[in-house]
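User: Please examine the following model and answer a series of questions about its architecture and helix packing.

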Amino acid sequence: MKSKNRESLTDSRELDGSYDPLTGNPSNSQSKKSIKQRFLKLLPCCTPSAAPSISQNSVEDDFELSTVCHRPESMDKLQEQTKFTKKELQVLYRGFKNECPSGVVNEENFQNIYSQFFPQGDSSTYAHFLFEAFDTDKNGSVSFEDFVFGLSIILRGTINDRLNWAFNLYDLNKDGCITKDEMLDIMKSIYDMMGKYTYPTMQDDAPREHVESFFQKMDRNKDGVVTIEEFIESCKKDENIMQSMQLFDNVI
């Protein structure tokens, strides 16, 4: 999360590109830059104040790791398990520890952090869905490992890796398919997060219309649900989705 001015997100036409990287529709380099900036603002570890110069000596980092309640894996091991360099992991860790001194973040704290960047709306529901996606072991907390594993997929994963992660986010009950009700819950949470004071003003039925469009595109056999195979196949054929996913290459 870059700590630039927390400007209001006022154009509903930027909804998909700004918050949902799989349904975005960037049209120029300026919009790409804007989306990258807004994505980074969602990550507390990416604020400039959370990224001091990196020491060449790992003693300081080892000391820092030993002072928190939850001690993450060694940087070397995390480097092997993710697609981040050791220096990138050190920057991410310092930022994560700055926001979460205990070494883990629970859902309430996660929602509080997230809400700071969307004061014009209610981000609690979307933050809940996002927290569930990062909390892979379902223990009610997100550790630094959970965070960087998810971030590594989002920012450095293959197309299939990223699409699988996104599908898991949308598949709320984790039964292997996305229903219209699940997608509607996701879309409502995104519109709630944007707030009511957008321009042009969003209609109340906008989330449902978005869901219908999503299923018309994704539900290939028209059985009322979207499977992982349908999801990946449809996304790969959509030029806008592929472009929006590329926005996150080399973000960090």
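The questions below concern a predicted model, taken from the whole chain to single contacts.

User: How many helices and strands does the chain have?

Analyst: The chain is a predicted model of 252 residues. Its secondary structure consists of 13 helices and four strands.

User: What share of the residues of the chain count as buried?

Analyst: A residue counts as buried under 20% relative accessible area. The chain exposes about 12500 Å², of which carbon and sulfur atoms supply 48%. Counted over the 252 residues, the buried share is 48%.

User: Among contacts between residues at least 6 apart in sequence, what percentage join residues at least 24 apart?

Analyst: The contacts considered here are those in the chain between residues at least 6 apart in sequence. Of these, the part joining residues at least 24 apart is 69%.

User: Is α7 parallel or oblique to α10?

Analyst: Helix α7 (residues 124–134) packs with helix α10 (residues 180–194) at an angle of about 130°, their axes lying 7 Å apart. Angles under 35 degrees count as roughly parallel, over 145 as roughly antiparallel and 65 to 115 as roughly perpendicular, with the rest oblique. The relation of α7 to α10 is therefore oblique.

User: Which residues of α7 make the contact with α10?

Analyst: On the α10 side, the contact is made by Asp185, Ile186, Ser189, Ile190 and Met193. By class, the contact has five nonpolar, two polar and one charged residues. The α7 side is formed by Thr125, Tyr126 and Phe129.

User: How is α11 oriented to α12, parallel or perpendicular?

Analyst: Helix α11 (residues 206–218) and helix α12 (residues 228–237) have axes that come within 9 Å and cross at roughly 90°. Angles of 65 to 115 degrees count as roughly perpendicular. Helix α11 is therefore, relative to α12, roughly perpendicular.

User: How many charged residues are in the contact of α11 with α12?

Analyst: Phe214, Lys217 and Met218 of α11 meet Glu230, Phe231, Ser234 and Cys235 of α12. By class, this contact has four nonpolar residues and one polar residue. The number of charged residues is two.

User: Which backbone nitrogen does the side chain of Asn106 reach?

Analyst: Beyond four places away in sequence, Asn106 touches Phe131, Gly140 and Ser141. The C-alpha atoms of Asn106 and Val142 are separated by 6.4 Å, although these residues are 36 apart along the chain. At 2.8 Å, the side chain of Asn106 reaches the backbone nitrogen of Asn109.

Terms used. Residues are numbered from 1 along each chain as its sequence is written. This is a predicted model: local features need pLDDT of at least 70, side-chain atom pairs count only at pLDDT 80 or more; totals for chains, interfaces and linings use all residues. Side-chain values use heavy atoms; hydrogens and water are left out. Axes are lines fitted to C-alpha atoms, for helices over the stretch in contact, and angles run from 0 to 180 degrees between N-to-C directions. Helices (H or I, at least four residues) and strands (E, at least two) are DSSP runs, numbered from the N terminus. Contact means heavy atoms within 4.5 Å. Ala, Val, Leu, Ile, Met, Phe, Trp, Tyr, Cys and Pro count as nonpolar, Asp, Glu, Lys and Arg as charged, and the others, Gly among them, as polar. A polar contact is a pair of N or O atoms within 3.5 Å; within protein, one must be able to donate a hydrogen and the other to accept it, and residues adjacent in sequence count only if both atoms are side-chain atoms. Buried means under 20% relative accessible area, exposed over 50%, partly exposed in between (1.4 Å probe, protein chains only). Accessible areas come from the Shrake-Rupley method with a 1.4 Å probe; for residues, only the protein chains shown count as cover.
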